Amino acid sequence: GDVLVISAINIGFVISELELEYGRPELASSWYQATILPEFTDSTEIGFRTSPGMGAAHQVRVTVGGQAAVSVDLISYPADGTVTGWEISAPRSIVANFEPTTLAGDEFRFQIQSRAINGRALTIGGGVFNVELKGQSYEQAQMIDSQDGWYSSMFRPTISGHYVVSIVQNPWAKAVGNSPLALHVLPQRYACADQSMAAAKQDSTGSVGQYKHVPIVLRDCFGNTIIDPDYHAMDVFVAAQTPTNLQVSFAGSGTVSPTMRLFSTLSGRFQFNILLNRTALKGMPFTASFQAGAASAETSSIRAIDATHIAGSESMMAQVTTRDSHGNSIAIGGAAVTGFVWTTPAFAVRVQDSGNGSYTILGMHKVAGQYTMGISVNGDVLSQTIVIDIDAADPDACGFVTEGAAISRGQAGVSAGFFVQSADRHGNPTPSMTDAGRLTI
């Protein structure tokens, strides 16, 4: 700010042909233009003014007619504040080229233009600043002094989210300009396969004959979930080595929320890889399980357990194996299975659920004979039927039947005869007397 004077070597010079600078010779880029003051300049002296920072020490360089001379002496500026008017004012300084959004992994740069308390832009360096990035992560950046009143700093945040950039001038810790400033770090616009993954858990379960939708979470190479609607799709999804009977397709490809669609008519566990741009997604291979659907009468079956059964005793007459409409075996119970007898006289049966997709038909009838049995599954009747034979039980005196006229009187010496039919206790005739010796008349 003071007027400085040096001797003019060439008498009669022209001010417009003269260039006067101050700086440090060891730093080639640190020469700054001094302001020549005509009112203090004549043929013997050159008056000029500089605006360095406090505590600086510079030499003077004069260039005229293509020749340059550098002073031996230094111009020094005290650091004790006796030089007024050229100190950096943090509130009056300006944060420039600060964009409020950036992409993860990109260099985020901004500048500070230092200004004096009167608002004048400074053209010298020497300021000390502290820059911090606070938010999803913490980072402290270095401030680069350009020695012309401008300072620059750079961050490279990799975690997306909202941040605050704090810029203060040291040693007074005064906020610069409108600091702190808000910064929004967005995910990259390209997805990386080794960071993206299927949202469903491994061994995800669906039902046969129904589409199962599995969202795919796209992430950039830093692991940030892509949410930008301007996402640039370079994705070619494919399911590598898809198992037989499993259909895999993709919906919403090219958006930030693609979905994998799985479809199978065969129950079981399937394993395959999902590729993004020929690279497997994170966590591959993917395992999907398909459970059989509801039991269907069209594909279920019934078989007789034993060829014959004994009258009056409950026994396991038949077994039902359930399958879904696609023919897949069902491994769980819970289906509405009902048994019934077509032939008269009908009798009641009950169904026992084994809990593994099979059901046992139990029944008891006191009348021997041959009967036709059918079942229904979930309200639909099977076309298949089975024949049940019920045989008489062992002969029992309670069931014997006599035939012929009753004997009221006989004649001595003459044999009287009558007929007795052996039968079980329910009255069912028995084919033979296995223990005739115990029959006493």
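## Aromatic pairs, a nonpolar core and a buried loop residue

The structure holds 11 aromatic pairs. Rings of Phe, Tyr and Trp (its six-membered ring) pair if their centres lie within 6.5 Å; planes under 30 degrees apart count as stacked, over 60 as edge-to-face and the rest as tilted. Two of the pairs are set out here.

| Pair | Geometry | Centre to centre | Angle between planes |
|---|---|---|---|
| Tyr211 and Phe263 | tilted | 4.9 Å | 40 degrees |
| Phe270 and Phe290 | edge-to-face | 6.0 Å | 70 degrees |

This is a predicted model: local features need pLDDT of at least 70, side-chain atom pairs count only at pLDDT 80 or more, and totals for chains, interfaces and linings use all residues. Numbering starts from 1 along each chain as its sequence is written, and side-chain values use heavy atoms, without hydrogens and water.

Take Tyr211 and Phe263. Tyr211 lies in the loop between strand S20 (204–207) and strand S21 (212–217), and Phe263 in strand S24 (residues 259–264), so the pair ties together parts 52 residues apart in sequence. Strands (E, at least two residues) are DSSP runs, numbered from the N terminus. Tyr211 is partly exposed, at 46% relative accessible area. Phe263 is buried, at 16%. Buried means under 20% relative accessible area, exposed over 50%, and partly exposed in between (1.4 Å probe, protein chains only). Arg261 lies over the face of Tyr211, 5.5 Å from the ring centre. For such a placement, CZ of Arg must be within 6 Å of the ring centre and within 35 degrees of the ring normal.

Phe270 and Phe290 link strand S25 (residues 268–276) with strand S27 (residues 286–291), 20 residues apart. Phe270 is buried, at 7% relative accessibility. Phe290 is buried too, at 3%.

Ring pairs also join Phe98, Phe108, Phe110 and Phe155 into a cluster. The largest nonpolar core has 24 residues, and Phe98, Phe110 and Phe155 are among those with the most contacts inside it. Such a core is a set of buried Ala, Val, Leu, Ile, Met, Phe, Trp, Tyr and Cys residues joined through side-chain atoms within 4.5 Å. Strands that each supply at least two residues of this core include S11 (108–113) and S16 (161–170).

Asn328 sits in the loop between strand S30 (315–324) and strand S31 (337–341). Asn328 counts as buried because its relative accessibility is 5%. Its C-alpha atom is 6.4 Å from that of Leu266, 62 residues apart along the chain. Leaving aside neighbours within four places in sequence, Asn328 has contacts (heavy atoms within 4.5 Å) with residues including Val208, Leu266 and Arg323.

Terms used
Helices (H or I, at least four residues) and strands (E, at least two) are DSSP runs, numbered from the N terminus.
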